[in-house]
Amino acid sequence: MRLVPNDRESSIRELTPTAVTGRLHVPIGRIRRMNLGPKYVTAFTVGDQLLWGAAEPLRRMLRILLGARADRRADPP
């Protein structure tokens with residue numbers, strides 16, 4: 001992970017798919033406080049989905065769902 005400064009030039013230069021293609025680092029930028037309160041923030045990130053595997057988030061969610069399903073089966077009614 002690498003923090004990108006909150007300025008327009010850095011965001012345009014470093015927070016694009018072209019800038020991260022073939023790299024394992026994940027840039028995070030455009031960090032701002034949300035209106036919900038001071039402890040909530042929003043951030044923008046971009047990564048090389050082919051390098052990381054575009055199906056990885058789907059695989060993780062499927063595992064979570066299958067685990068929850070198995071837990072329900074194990075609980076007595």
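A charge sits over a ring if NZ of Lys or CZ of Arg is within 6 Å of the ring centre and within 35 degrees of the ring normal. I worked from a predicted model throughout.

**Entry 1: R30 and aromatic rings**

With that criterion in hand, I looked up R30 and found its charged end over the ring of F44, 4.3 Å from the ring centre. I placed R30 in strand β2. Is R30 buried, partly exposed or exposed? I noted a relative accessibility of 31%, so R30 counts as partly exposed. I then read the backbone angle: R30 has a positive phi of about 55°, although R30 is not a glycine. I set this beside the general rule that most residues other than glycine have a negative phi.

I also searched the whole structure for aromatic pairs, and the search returned 0.

**Entry 2: The chain as a whole**

I counted 4 helices and 3 strands in the chain. In sequence order, I read the pattern as β-α-α-β-β-α-α. What share of the 77 residues is buried? I recorded 16%. For the accessible surface I noted about 6,600 Å², with 61% of that area belonging to carbon and sulfur atoms. I also looked at contacts between residues at least 6 apart in sequence, and 39% of these join residues at least 24 apart.

**Entry 3: The sheet**

I traced an open sheet of 3 strands, in the order β1-β2-β3 and with mixed pairing. Which strands form the edges? I identified them as β1 (2-3) and β3 (41-45), each of which pairs on one side only. I followed β1 to strand β2 (residues 27-33) and found parallel pairing over 2 bridges. Opposite R2, I found P27 of β2.

**Entry 4: T45**

I located T45 in strand β3. T45 has a relative accessible area of 42%; this value lies between the limits of 20% and 50%, so T45 is partly exposed. Which residues does T45 touch, beyond those up to four places away in sequence? I listed V26, P27 and I28. For V26, I noted a C-alpha separation of 7.0 Å from T45, across 19 residues of chain. For P27, I noted that the backbone oxygen lies 2.7 Å from a polar atom of the T45 side chain.

**Entry 5: T16**

Where is T16 found? I placed T16 in the loop between α1 (8-14) and α2 (17-20). Its relative accessible area is 23%, and T16 is therefore partly exposed. Leaving aside neighbours within four places in sequence, I found T16 in contact with S11 and V46. The C-alpha atoms of T16 and V46 are separated by 6.5 Å, while the two residues are 30 apart along the chain.

**Entry 6: S10**

I turned to S10, which I found in helix α1. Why is S10 classed as buried? The reason is that S10 has a relative accessible area of 5%, and the limit for a buried residue is under 20%. Not counting residues up to four places away in sequence, I recorded that S10 touches V4, P5 and L15.

Terms used. Residues numbered from 1 in each chain as written. Predicted model: local features only at pLDDT ≥ 70, side-chain atom pairs only at ≥ 80, totals over all residues. Heavy atoms only, no water. Buried < 20%, exposed > 50% of the residue type's maximum accessible area, 1.4 Å probe, protein only. Contact = heavy atoms within 4.5 Å. Phe/Tyr/Trp six-rings, centres within 6.5 Å; stacked < 30°, edge-to-face > 60°. Pairing = 2+ DSSP bridges. Polar contact = N/O pair within 3.5 Å; in protein donor to acceptor, adjacent residues only side chain to side chain. Areas by Shrake-Rupley, 256 points an atom, 1.4 Å probe, with all protein chains shown as cover.
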